[in-house]
Each structure stands twice: as C-alpha cells, then as structure tokens.
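Trainee: I have a structure on screen and some questions about it. Can we go through them one at a time?

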Amino acid sequence: MAVQTPTRTTSGTPTRSARSETGQPWKERWAGLFFVAPFLLLFAVFLLWPTFSGLWNSFFNTSLSGIKGEFLGLQNWREMFGDPAVWSSLKNTFVFTAMSTPPLVVIALVMALLANRRGLLGWLLRFSYFAPFVLPATVVSLIWVWIYQPGFGLVNGLLTAGGFAEIDWLNTENRAMLAVVIATVWWTVGFNFLLYLAALQGIPAQIYEAAAIDGANGRQKLFRITLPLLSRTTGLIVVLQLVASLMIFDQIYLMTDGGPNYATRPIVQYIYQNGFTNYRIGYASAISYLFFVIIVIVSILQFKLFSGRKEVR
Amino acid sequence: MPPDSPHLRPRRRAVLAGGLLGALSLTGCGTFRSKPKVREWNLFGGGDGARLLQIHQQYVAEHPDVGFEAHTLAWGPPFYTKLAMSAAGGRAPEVATLHLSRLKGFSPATMLDPIPVDLLNAAGIRESDFLPETWNRCVVDGKLYAVPLDQHPFVLYYNTEICQKAGLLGADGKIKPVKGVDAFLDMLKAVKDTTGKFAASVETTNPWRMWWTLYGQLEGKFFSDDGTRLELDDAKALEALELMAKLAADGLVPRSANYPALVAQFTNGDAGLSFNGEWEVTTYQTAKMPFSMAPFPVVYDVPKFAGDAHTFVLPHQSNRNQDDTKATVEYIAWMLKNSAAWAAGGHIPSYQPVVGSQEYLSLKPQAEYRSVAPDVLFDPDAWFSGSGAQLQEEAGAAFSGVFSGQATPKAALAQFKAATQTLLDTPSPV
C-alpha cells in the first residue's frame with residue numbers, strides 16, 4: 001500500500017521525469033523497472049525461458065514421461081526435414097491462411113460499411129455481426145459440426161430441399177478445409193468488423209460533405225475517400241489476421257481432428273500430436289522451432305510491406 | 001470515501017486472512033489437515049460418466065472421513081496428456097483411471113506408483129477375484145500397477161421395435177444370433193428395409209474397433225511374437241476392410257458419421273442397429289427408446305471383440321502420503337465391490353464376485369453380453385497403441401476413406417501399414 005501513494009499523489013510525473021532527465025538519483029531512474037518487473041518476470045518465465053528450453057530440448061530425446069533422453073545432436077532436425085507429415089501439415093496451415101484471410105478482411109469491411117448507420121437497423125446489424133465472436137471455440141465447433149452433418153444437418157437439409165445432392169462436408173478431403181474456413185469466418189469476422197467500424201466512425205463527416213459539394217457520387221466517395229482512409233486499418237487487420245490464421249488449431253481439432261486422412265491437420269496439431277499424444281517433446285520442439293522461424297519470416301515480410309504503405313496517408 | 005482510507009485497512013487484512021484460512025482448509029494442507037484425501041481423475045464423459053457421478057455421491061455419503069474430489073477430463077489424448085504431465089512432475093492426483101491397453105505405453109516405472117498389494121488384500125481384494133489374463137496385464141516387472149475395474153467390448157445395440165418389424169427377434173424377444181458373413185448381411189438388409197435409411201450406425205471417422213473386431217475374428221496377427229516387427233496378414237486385413245467398404249457401398253451403414261452422429265442415428269431411428277462400445281446404455285435409456293444389447297455377431301471364424309478395460313492406477317507422486325494411499329486403495333476396493341452400479345452404465349465388471357451376483361445378472365440389457373468378457377481383444381501391445389493413442393488415430397485416418405469411398409481397401413491398408421511401420425521405427429519415448 002505504501003507503494004501506491006507516490007503514484008496517486010504525483011499522478012503520472014515519475015514516468016515523464018524518468019524518461020527526460022539523466023542527472024537523477026539512481027532510485028528514480030530505475031523506478032520504471034520496478035513497475036514493469038511483474039510483467040518482465042512473466043515474460044521471462046513464460047516466453048523467454050520456454051523459447052530457449054525448446055531449442056535446447058530439440059537436440060535431445062526428451063520425453064513427456066519425465067525421462068530426460070540422451071543427446072541426439074541434429075537427429076530430430078534431420079528427421080523433421082524428411083518427415084512428409086511436417087510438410088503436409090505446413091501446407092495445410094498455409095492453405096487455411098490463404099483461404100481464410102481474404103474473406104475475413106473483405107467481409108468485415110462490407111459489414112462495417114453496412115452497419116455504419118444510426119438507428120435500430122444499425123444497432124441490429126452491429127449486434128448480429130459481432131455476436132458470434134463472443135462464443136468459445138468449443139461452442140462454435142459443436143454448432144457447425146451439426147450444421148454440416150450429412151443426413152440431418154442444416155446445410156444438407158437446405159441442399160436436398162433445393163434438389164441438390166448432399167455434400168459430406170467434414171469427411172471429404174477436398175471440402176473439409178473449406179467447411180472449417182466458413183465456420184471460422186462466421187465466428188471471427190466480428191472482430192475485424194469492429195476494427196473497421198471504429199475506423200469508419202473516425203473519418204470526419206466534413207470530408208464527405210466537401211466531396212458532396214464537389215459533386216462526388218457514392219461510388220467515388222467509397223473508392224476515393226473511405227477506402228484510402230481505411231488503408232492503415234486494413235494493414236493492421238491483415239497483419240493480425242495472418243498471425244491468427246497461421247496459429248489455427250482449436251476449431252480444426254474440434255471439428256475434424258485434422259481429418260479426413262490428415263487433410264486439414266495444421267502444423268500446430270502435428271506438434272501437439274508429437275509432443276503430447278506421443279510424448280516426444282524433443283521432436284515436437286524441433287518442429288515448433290521450424291514453425292517459429294517461418295512466423296518470424298512472415299512477420300518481417302509484413303513489416304517491410306506495410307511500413308512502405310504507411311506513406312499513403 | 002477514498003479507496004485506501006486508513007480505517008478500512010484492518011478490515012481488508014481481516015478479509016485477506018480469512019480468505020487464506022479458507023483456502024488452506026479447502027485444500028486440506030498444512031497443519032489444518034484432518035482427513036486423508038483422495039483426488040480422482042477420470043475420463044468418463046459419455047453415458048457412463050453420469051453413472052460415475054451417482055456412484056461417487058454414494059461413496060462420499062458413506063465416507064465422511066475422506067476428503068474426496070473427482071474430476072472428469074476430456075477423453076483420449078487430452079486426458080492422457082494431463083495425467084502424464086502431472087505424474088512426470090510428481091504432483092499427480094491420488095488415483096486415476098487408465099485404459100489397460102495404455103498401461104505399458106504410459107511408462108509405469110516413471111509415471112505410476114506400484115499398488116501396495118498388502119493394502120489391497122487388507123481391503124478385501126484378491127488376485128483370485130479377477131480373470132487371470134486381465135490381472136496379468138496389470139503386472140509389469142513383477143509389480144502391480146493397475147487394478148481392473150471393468151471390461152468394455154465392442155457390442156451390438158438393437159432397436160427392439162425396428163428389429164421386431166424386421167423379423168429378427170426370437171420368441172424370447174431377444175435378437176436371434178447370426179453367424180457368418182451372409183447371415184450378417186441378411187440381418188442388416190432386413191433392418192435397412194424396415195428403417196428405410198440405414199441398418200446400423202457406426203463411427204466411420206474412426207472405425208478402428210470395427211476393423212480390429214473383424215480382423216480378430218479372422219484370427220489375424222499384428223506384431224511378431226517379440227513385438228518388434230509388423231506381421232499383418234494382408235489377405236485377412238483386406239477381407240475385413242472389404243466387408244466394411246461393402247456395408248457403406250450398399251447403404252447399410254452411413255458413408256460418414258462421427259461419434260455424436262453414430263449416437264444420434266441410433267436414437268432417432270435412422271438406424272435400427274448400432275456397432276459401438278457398450279458404454280452408451282445410459283444415453284439410450286435416458287432417451288427412453290426401445291432397445292437391447294447383444295454380443296457383436298461372430299461374422300467370421302472365432303468370437304473376438306475389440307475392447308479394453310478401465311483400471312485404477314496410482315499416478316506418480318514425489319511425496320506420497322501413507323494415509324492418503326491407504327484411503328485411496330480402500331476407495332478402489334469400495335468401487336470394485338460396488339461395481340454392479342458401475343455395470344449399470346454398460347461396462348462388464350472385472351471383479352468376479354460382482355459378475356456372479358444377482359444384482360448384476362438382473363441388469364437388463366447390461367448382462368446380455370457378459371459372456372464375451374473372456375473374448376475381449378485388446379489392442380496390439382506397443383507404446384503407440386491403446387485407447388486414444390496414435391495407432392487408433394492412424395487407423396482412423398486410413399480406414400475412414402474405406403467407408404466414404406475415397407480410398408480403396410488396398411490403398412487404405414498400405415497407408416495404415418506404412419504409418420504403423422513409422423511408429424514402430426520410432427524409438428519408444430517411454
């Protein structure tokens with residue numbers, strides 16, 4: 001409780017002074033560290049340490065059963081590069097990312113444009129677009145597994161009522177991924193929608209008024225004003241979405257368990273399988289590291305791409 | 001009033017102290033400890049899980065002197081992962097359920113503590129109370145690591161109304177046993193004609209139990225005697241797969257159904273039969289549908305039925321408390337002696353005094369398939385085998401295509417054999 005008093009009374013000044021001046025007593029300069037210490041500790045324990053111990057483990061035959069296996073050198077890494085399941089699950093991860101990211105950006109934008117209005121309709125749209133996002137992955141998966149079910153599922157019920165043949169969505173190798181993508185878009189598009197809506201509401205009305213006076217039509221307003229002013233938001237959404245899609249696991253695990261015949265198994269599930277079902281922590285660590293490197297590369301590419309585009313504004 | 005005005009402090013502290021006291025007494029640790037604790041982890045999320053809760057309520061009522069806590073975790077890999085991690089860390093619960101087929105793959109030496117046989121005997125449980133082959137599988141390197149609770153074979157469920165209409169019931173109202181492939185197919189066709197949809201519901205996304213039953217009935221081998229080489233009999237394996245493909249191609253079973261769909265299709269009458277483990281009794285009883293159960297037909301040469309046994313194990317604890325262990329062993333003994341109630345959930349008790357009891361014999365339909373207990377066929381013995389382990393996963397991936405028509409039996413078998421060989425080539429992590 002004694003700690004709280006100085007911050008309350010001086011209200012924010014410590015941080016400012018710690019940053020600007022250099023000739024202060026040691027105590028004040030390091031006060032900031034004290035405040036971030038809890039987070040630094042968590043960061044070290046749950047991020048830094050596992051990152052390095054994962055690399056360390058990848059050189060051993062470590063088992064989940066508590067046996068610290070012998071040193072293997074690069075054997076896990078060699079096994080990984082020759083393991084077709086690693087490459088097929090990586091491919092699945094990229095296919096999911098490529099299939100899910102564009103609709104999650106475009107549909108979110110369209111939804112935001114539609115919902116950016118006052119009154120009951122606007123409220124209703126905002127509510128219904130965002131509502132699925134609050135559901136947990138388990139609930140979403142359960143709902144969609146039933147919707148896709150052949151024989152008595154909703155989608156196939158509609159198809160047969162319309163005179164079409166049933167589709168075995170989750171158990172056909174070339175359809176299962178699409179089925180997961182559809183469920184994922186339904187579930188998570190609300191978050192991107194919210195970001196777009198906030199950005200839309202931040203565009204000053206005067207710009208549109210001025211454009212209207214200049215005789216711009218709706219189409220011109222959309223393409224010349226709205227979309228360019230949303231470009232930074234789009235960049236942000238694409239970055240967040242790519243990372244989220246690459247880490248796909250929950251809904252696939254729950255909806256198809258990576259099947260049929262591993263056609264939807266993402267890399268995270270393969271890591272999980274090796275590490276936790278088969279107790280091969282060492283091998284799982286090696287694959288995690290490969291994936292880690294890939295994500296770092298993708299992030300750097302994105303950073304390069306979008307740091308250039310910021311000049312638009 | 002400002003939030004940290006001085007005269008509020010003592011009260012806050014009092015609340016904090018009270019909370020600590022409460023937490024200590026809840027976990028039962030430290031000097032507040034008064035009674036032995038038994039924490040149990042299980043994986044019964046299906047119809048049998050509802051039954052377990054009732055049994056536990058009775059146990060708690062009869063044992064006010066034991067601090068008992070039961071936790072149901074998600075079946076399969078999630079359960080075994082959590083159990084393995086808690087045991088590897090030495091902070092496991094006092095007792096957990098484990099599939100007997102997973103015992104060796106679970107690394108008894110590092111992740112389980114041996115069960116003190118003297119305590120078990122003192123609680124009234126003896127080796128002679130079990131089928132020898134079941135008991136012997138619980139012993140690793142001369143030490144007892146598991147106490148079997150039940151056996152759970154692959155069985156036949158049948159809707160009595162539909163089967164009555166299909167003319168499959170005998171004068172006693174039970175399904176007439178069939179033997180041989182042709183009789184089996186005739187039975188299914190009769191049911192399909194009655195339902196207008198399917199004959200039987202089966203889990204096509206993971207047909208391991210179905211295939212293993214059929215392959216076992218053909219007396220197929222899996223590993224060489226020393227367990228180092230894969231010695232599948234291709235002709236027999238294909239015969240079983242081809243029958244499965246034919247069932248789906250003829251529309252006798254669905255081309256695609258996961259576990260919940262299997263249950264639903266039998267409940268809503270789309271299928272008059274169901275091929276599954278016996279643990280969904282409670283589900284169908286709750287649905288108030290007319291059904292009974294029987295051993296799975298002997299389609300091929302010998303009666304064999306894929307199955308497993310649930311056992312109680314003592315996951316490894318670094319500091320095992322003697323009072324807790326004694327109470328835990330007594331809990332295990334109590335569960336065995338009261339396993340007629342557990343049998344109501346479908347499983348065949350392992351404890352033979354209960355198997356012969358009137359209480360069990362009068363359970364219908366649970367006692368109808370008890371004769372198969374000696375013919376239960378366990379999974380192949382390997383670190384990657386057993387309920388929810390990788391071998392079943394590989395079988396699901398390869399064989400589901402046989403039902404859906406996306407893979408020929410030949411291709412499916414080749415894929416399964418390659419996957420098994422890869423696992424066999426991987427050094428055991430336990």
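What follows is a set of questions and answers on this predicted model.

Trainee: How many residues of chain B are in contact with chain A?

Mentor: The model is predicted, so bear that in mind throughout. Take the contact between the two chains from each side. Chain A brings 29 residues to it. On the side of chain B, the number is 44 residues.

Trainee: How much area do chain A and chain B bury between them?

Mentor: The size of an interface is often given as the accessible area lost when the parts come together. Here 51% of that area is on carbon and sulfur atoms. The total for chain A and chain B is about 2800 Å².

Trainee: How many residue pairs are in polar contact between chain A and chain B?

Mentor: Start with the salt bridges between chain A and chain B: the count is 0. Polar contacts are counted separately, with both residues at pLDDT 80 or more. That count is 8 residue pairs.

Trainee: Which element gives the largest share of the side of chain A that touches chain B?

Mentor: Three elements of chain A give two or more residues to that side: α1 (4–10), α8 (137–148) and α15 (267–277). The largest share is 4 residues. It comes from α15(A).

Trainee: Is B:N42 buried or exposed?

Mentor: B:N42 sits in strand β1 (residues 37–42) of chain B. Its relative accessible area is 1%. The cut-off for buried is under 20%. Therefore B:N42 is buried.

Trainee: Which side chain makes a polar contact with the side chain of B:N42?

Mentor: The B:N42 side chain reaches the backbone nitrogen of B:F44 at 3.2 Å. Beyond four places in sequence, B:N42 is in contact with several residues, including B:L52, B:H56 and B:F79. The side-chain partner, at 3.1 Å, is B:T72.

Trainee: What kind of aromatic pair do B:F222 and B:F223 form?

Mentor: Both residues are buried: B:F222 has a relative accessible area of 5%, and B:F223 has 11%. Their ring centres are 4.8 Å apart, with 85° between the planes. Planes over 60 degrees apart fall in one class. The B:F222 and B:F223 pair is therefore edge-to-face.

Trainee: Which residues form one aromatic cluster with B:F222 and B:F223?

Mentor: Over all chains, the structure holds 51 aromatic pairs. The cluster takes in B:F222 and B:F223.

Trainee: How many residues apart are B:K104 and B:D381?

Mentor: B:K104 and B:D381 form a salt bridge, with the closest N and O atoms 3.1 Å apart. B:K104 is in the loop between β3 (95–99) and α4 (108–111) of chain B, and B:D381 is in the loop between β15 (376–377) and α17 (390–404). B:K104 is partly exposed at 47%, and B:D381 is partly exposed at 40%.

Trainee: Which residues are linked with B:E231 in a network of salt bridges?

Mentor: B:K221 pairs with B:E231, the closest N and O atoms being 3.4 Å apart. B:E231 also pairs with B:R229, at 3.1 Å. B:K221 is partly exposed at 37%, B:E231 at 30% and B:R229 at 48%. The residues linked with B:E231 in the network are B:K221, B:D225 and B:R229.

Trainee: How many salt bridges does the structure hold over all chains?

Mentor: One of them is the pair B:K104 and B:D381. Another is the pair B:K221 and B:E231. Over all chains, the number is 14.

Trainee: How far apart in space are A:L158 and A:F96?

Mentor: A:L158 lies in helix α9 (residues 154–161) of chain A. At 60% relative accessibility, A:L158 is exposed. A:F96 is 62 residues from A:L158 in sequence. In space, C-alpha to C-alpha, the distance is 26 Å.

Notes
Residues numbered from 1 in each chain as written. Chains lettered and ligands numbered in written order. Predicted model: local features only at pLDDT ≥ 70, side-chain atom pairs only at ≥ 80, totals over all residues. Heavy atoms only, no water. Contact = heavy atoms within 4.5 Å. Buried area = accessible area lost by both parts, 1.4 Å probe. Salt bridge = Lys/Arg side-chain N within 4 Å of Asp/Glu carboxyl O. Polar contact = N/O pair within 3.5 Å; in protein donor to acceptor, adjacent residues only side chain to side chain. Phe/Tyr/Trp six-rings, centres within 6.5 Å; stacked < 30°, edge-to-face > 60°. Buried < 20%, exposed > 50% of the residue type's maximum accessible area, 1.4 Å probe, protein only.
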